[in-house]
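Please work through the exercises below with the sequence and the model open side by side, and try each task before reading its solution.

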Amino acid sequence: MAPRTTLRRLGPLLVAALALAVFAAPAQATIFGPRAGHSPNAEDIRTAYWIAITIAALLVIAVHVFLIAAIFRFRARRGRAPRRFAAGPGALTRPTVPLAIVAAGVFVVGIVMADKARDVKTTGPQSLNASSSLVAQVGALTVPPGARPLAINVIGQQWLWRFEYPGGLPGNRVFSYGELVVPVDTAVVLHITSTDVMHRWFIPALGGQVDAVPGKTSETWFRADREGVYRGQSTFFSGSAYAVMRAWVRVVGPEAYRQYIRRQRLDLAAAQGYVQRKVTQSAIGGLEP
């Protein structure tokens, strides 16, 4: 069988593989790729993944196609010895040049997509419209003028996450554990750190993985495009109970977010007041003869 005949027969397989990669990219999570993103940076990461996996799949298919063609062309036949193959001085140049171009292209796309994922997008029209007192101060991220992101501190500890919401004085802010509540269509910048060992923040639908390192603050961001609950994953060994160290992001409307912050502030004040009263009563009881 001639190589051209082999390529003609295998050509539809290449087309089918390319079509599968193209149409599978915008779909939901599959065994081949991540779940759909609900934040611009998560979509950038997902796009970069599908570009890389598609190119890798096409290269693997191309290598096998040429391998099969070579086997058919140079195989032994009845009554005839296998053909010998002799490579000239420039035999490796033809495959090396396009492969080098592909590698350079993947490298450039990776840099571009990584920079794009670090650019904080402007808060949308259905957002909280955070005031200047709530706007985040960031280091590694690029925040455009007028983005007005919401600043939230994310603190990892064995084995749970603590979330400190903007407003109030340090040490006296509204906080929650386990579940982070944010308004929809609002740019949210997270300042991530740890109090003990290294942890890893990862909400697949809202962005990439970020390490929480003691004594260091890392930044990431997201802008959820719809309301709902987004589950996190534990991907870093931080101790014997790391597997149960989960995080959830609950995205609500702007007014629901304001009500949540008010309710949390009142509940925390009531709990602190109760503890203070008990401490005072215990102290007074200890002073009685």
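Predicted model: local features only at pLDDT ≥ 70, side-chain atom pairs only at ≥ 80, totals over all residues.

Residues are numbered from 1 along each chain as its sequence is written, and side-chain values use heavy atoms, with hydrogens and water left out.

**Exercise 1.** Determine how the axes of helix α2 and helix α3 cross, and which residues make the contact.

Solution. Start from the elements, which are DSSP runs numbered from the N terminus (helices: H or I, at least four residues; strands: E, at least two). The axes of α2 (residues 40-74) and α3 (residues 93-118) come within 9 Å and cross at roughly 170°. Since angles over 145 degrees count as roughly antiparallel, α2 is therefore roughly antiparallel to α3. Next, taking contact as heavy atoms within 4.5 Å, α2 contributes residues including Ile 51, Ile 55 and Leu 59, while among those of α3 are Val 102, Val 106 and Val 109.

**Exercise 2.** Locate Asp 185 and identify the residue with which Asp 185 forms a salt bridge.

Solution. Asp 185 lies in the loop between β4 and β5, and its phi is near 60°, a positive value in a residue other than glycine. Then apply the salt-bridge rule, a side-chain nitrogen of Lys or Arg within 4 Å of a carboxyl oxygen of Asp or Glu: Asp 185 pairs with Arg 223, the closest N and O atoms being 3.9 Å apart. Arg 223 lies in the loop between β8 (218-222) and β9 (228-231), so the pair ties together parts that are 38 residues apart in sequence. By this rule the count comes to six salt bridges.

**Exercise 3.** Find which residue is joined to Gln 158 by a cis peptide bond, and where that residue is found.

Solution. The bond joins Gln 158 and Trp 159, with omega about 0°. Trp 159 is found in the loop between β1 (150-157) and β2 (160-164).

Notes. Axes fitted to C-alpha atoms, helices over the stretch in contact; angles between N-to-C directions. Parallel < 35°, antiparallel > 145°, perpendicular 65-115°, else oblique.
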